[in-house]
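User: Could we go through this model together, one question at a time? I would like each answer to end on the value or name I ask for.

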Amino acid sequence: MDKIQILWADDEIDLLKPHILFLQEKGYDVQTATSGDEAIELVGKNHYAAVLLDENMPGLSGLETLNRLKSKQPDLPVIMITKSEEEYLMEDAIGSKISDYLIKPVNPKQILLSLKKTLDNRRLISEKTTSNYQQEFRQIGMSLSDRLSWNEWIDVYKKLVYWELELDKSKDESMMEILKMQKAEANKLYGKFIENNYIAWLNGKSQNPPLFSHTIFKAKVAPLLDKDETTFVVLIDNLRYDQWKIIQPIISDYFNVESEDLYSSILPTATQYARNAFFSGLMPSEIEKRFPNMWLNDEEEGGKNLHEEDLLVEQLKRLGKDVKHSYNKITNHAAGKRLSENMGNLMQNKLNVIVYNFVDMLSHARTEMEVIRELADDEKAYRSITLSWFEHSPLHDILKQIAAKKCKLVITTDHGTIKVTEPSKVVGDKNVNTNLRYKQGKSLDYVKKDVFEIRNPADAFLPKQHVSTAFVFVKDDKFFAYPNNFNYYVNYYRNTFQHGGISLEEMIIPFITLSAK
């Protein structure tokens with residue numbers, strides 16, 4: 001096996017020969033330099049895995065050498081070695097992105113440990129992650145064979161997301177494939193769980209139902225309005241639990257997470273249904289009955305979410321919350337910037353609701369734009385592009401301002417999305433809706449094993465447009481496709497992110513309560 005090349009720069013290098021021999025025995029090819037200038041020259045000519053750098057050398061100092069090395073090779077790992085324990089030196093070195101910091105006298109094992117930590121860190125973490133998931137794999141598999149409750153399904157989903165994010169870091173492709181298979185099995189069983197329980201939950205015939213789109217506001221937001229502080233509810237459309245976990249570390253710089261709840265989107269897991277239910281505190285058929293001017297069915301022309309603020313006002317009245325509030329819907333970058341610049345005007349309100357549509361736009365753009373398809377061609381990349389957007393978005397600035405004013409913050413969503421891979425044939429008349437994960441209409445023909453069918457929409461508090469209207473929700477990672485132009489349709493939509501149906505990703509969604517640090 002080839003030895004790992006490292007460079008050790010120290011003006012007293014002759015005194016370090018026993019250390020160098022020890023490292024050579026451990027598989028390192030140690031080249032030496034006696035000054036900063038020589039180290040810079042050698043780094044320019046050779047490829048080193050790491051540099052051991054003495055801080056106190058005559059001529060060019062260790063810190064000056066470090067800065068020049070980093071300007072040439074920013075990713076080169078540098079381990080600083082010094083006699084001094086001065087805090088400013090440590091801070092300067094750490095600020096210059098050293099990989100480790102050792103104080104003389106150092107022994108050979110100390111240096112070996114530092115090199116292993118620096119160079120093998122990713123491999124060691126990857127191996128440990130793989131080993132830990134192998135153990136957890138068996139436990140998750142055993143729990144899936146039980147009759148799980150809603151809360152137990154939440155635990156399973158949290159574990160699957162945790163290991164998905166950990167394996168992302170480890171880059172172990174074989175274990176990631178095993179996780180995908182386990183997640184697919186979980187989704188298959190979750191689809192059966194929803195079929196067996198959903199109607200009973202909604203009709204009060206089952207104990208311990210989940211909090212749903214139409215009950216979460218009353219249960220979780222309304223109590224916050226009784227407290228002596230301003231509350232912001234930021235609803236990020238399409239935000240899955242894994243995407244929340246990706247942006248959480250940034251938000252944790254200025255907020256503490258008070259509670260991380262997961263609630264259930266109603267069916268269909270689509271904006272028109274789930275988000276209107278969230279703001280109204282009512283199920284779709286109840287909205288249609290009470291406020292017919294605020295509800296449009298799938299086949300009717302016009303915007304389907306134009307009355308969210310009106311529905312919110314009506315819910316606040318029913319809950320007896322006579323509070324000063326605002327509602328803002330952000331659908332593009334410019335609108336986000338305007339809101340960020342206008343935040344001062346919102347601080348006097350008891351409740352401020354912000355609907356932010358970026359993730360929804362991303363999922364649609366990923367379907368329609370080739371460049372976004374390429375940038376977000378798998379789950380990891382989809383999460384990564386969400387993180388990159390958030391870091392540079394007006395929303396990030398908005399949340400910082402909320403923290404600075406010590407306001408309460410809720411981050412939530414209306415539904416998630418799933419990456420679809422397998423088509424399921426469906427036939428319907430020209431009035432059938434276009435969504436790929438659910439269909440509603442009359443005379444539908446579909447593959448029964450692929451769907452959860454609701455023959456009587458009233459059972460699920462869904463509008464009934466015709467006497468024979470039915471709803472069908474596709475399960476697993478399938479998507480509806482018509483027999484006409486089947487191959488073209490399948491190739492266009494396969495591996496896109498869709499919502500409307502039944503899956504862990506679409507239905508089990510975050511509701512996060514935070515307080516400013």
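User: Which helix holds arginine 275?

Analyst: Happy to start there, with a word on the ground rules: this is a predicted model, in which local features need pLDDT of at least 70, side-chain atom pairs count only at pLDDT 80 or more, and totals for chains, interfaces and linings use all residues. Residues are numbered from 1 along each chain as its sequence is written, and side-chain values use heavy atoms, with hydrogens and water left out. Helices (H or I, at least four residues) and strands (E, at least two) are DSSP runs, numbered from the N terminus. The run 271–280 contains arginine 275, and that helix is α11.

User: Is arginine 275 buried or exposed?

Analyst: Buried means under 20% relative accessible area, exposed over 50%, and partly exposed in between (1.4 Å probe, protein chains only). Arginine 275 has 2% relative accessibility, so it counts as buried.

User: Which residue's side chain joins that of arginine 275 in a polar contact of 3.4 Å?

Analyst: A polar contact is a pair of N or O atoms within 3.5 Å; within protein, one must be able to donate a hydrogen and the other to accept it, and residues adjacent in sequence count only if both atoms are side-chain atoms. A contact in general means heavy atoms within 4.5 Å. Not counting residues up to four places away in sequence, arginine 275 touches several residues, among them Leu235, Asn305, Glu308 and Asp414. The partner in the polar contact of 3.4 Å is aspartate 237.

User: What is the bridge partner of isoleucine 411 in β19?

Analyst: Strands β10 (residues 408–412) and β19 (residues 508–516) pair in the antiparallel sense, over four bridges. Within β19, the partner of isoleucine 411 is isoleucine 512.

User: How many residues apart are aspartate 261 and lysine 220?

Analyst: A salt bridge is a side-chain nitrogen of Lys or Arg within 4 Å of a carboxyl oxygen of Asp or Glu, and by this rule the count comes to 31. The side chains of aspartate 261 and lysine 220 form one at 3.3 Å, N to O. Aspartate 261 is in strand β7 and lysine 220 is in helix α9 (residues 216–221), so the pair links distant parts of the chain, with a separation of 41 residues.

User: Why does lysine 220 count as partly exposed?

Analyst: The class follows from the accessibility limits given earlier for buried and exposed residues. Lysine 220 counts as partly exposed because its relative accessibility is 27%.

User: Where is arginine 240, the salt-bridge partner of glutamate 379?

Analyst: The side chains of glutamate 379 and arginine 240 meet at 2.5 Å, N to O, and both residues are buried. Arg240 and Glu379 also belong to a network of salt bridges, including Asp168, Lys183 and Arg383. Glutamate 379 is in helix α17 (residues 379–391), 139 residues away from arginine 240, which is in the loop between β6 and α10.

User: What relative accessible area does glutamate 506 have?

Analyst: Glutamate 506 forms a salt bridge with arginine 437 (2.5 Å, N to O). Arginine 437 is buried, with a relative accessible area of 0%. Glutamate 506 is buried too, and its relative accessible area is 0%.

User: Which residue in β16 stands opposite glutamine 440?

Analyst: An open antiparallel sheet of three strands has the order β13-β16-β15. In it, β13 and β16 (residues 470–474) pair over four bridges. Opposite glutamine 440 stands phenylalanine 471.

User: What percentage of the protein chain's residues count as buried?

Analyst: The chain has 20 helices and 19 strands, and its C-alpha trace spans about 90 × 55 × 40 Å along its principal axes. Of its 517 residues, the buried share is 55%.

Terms used. Two strands pair if DSSP finds at least two bridges between them.
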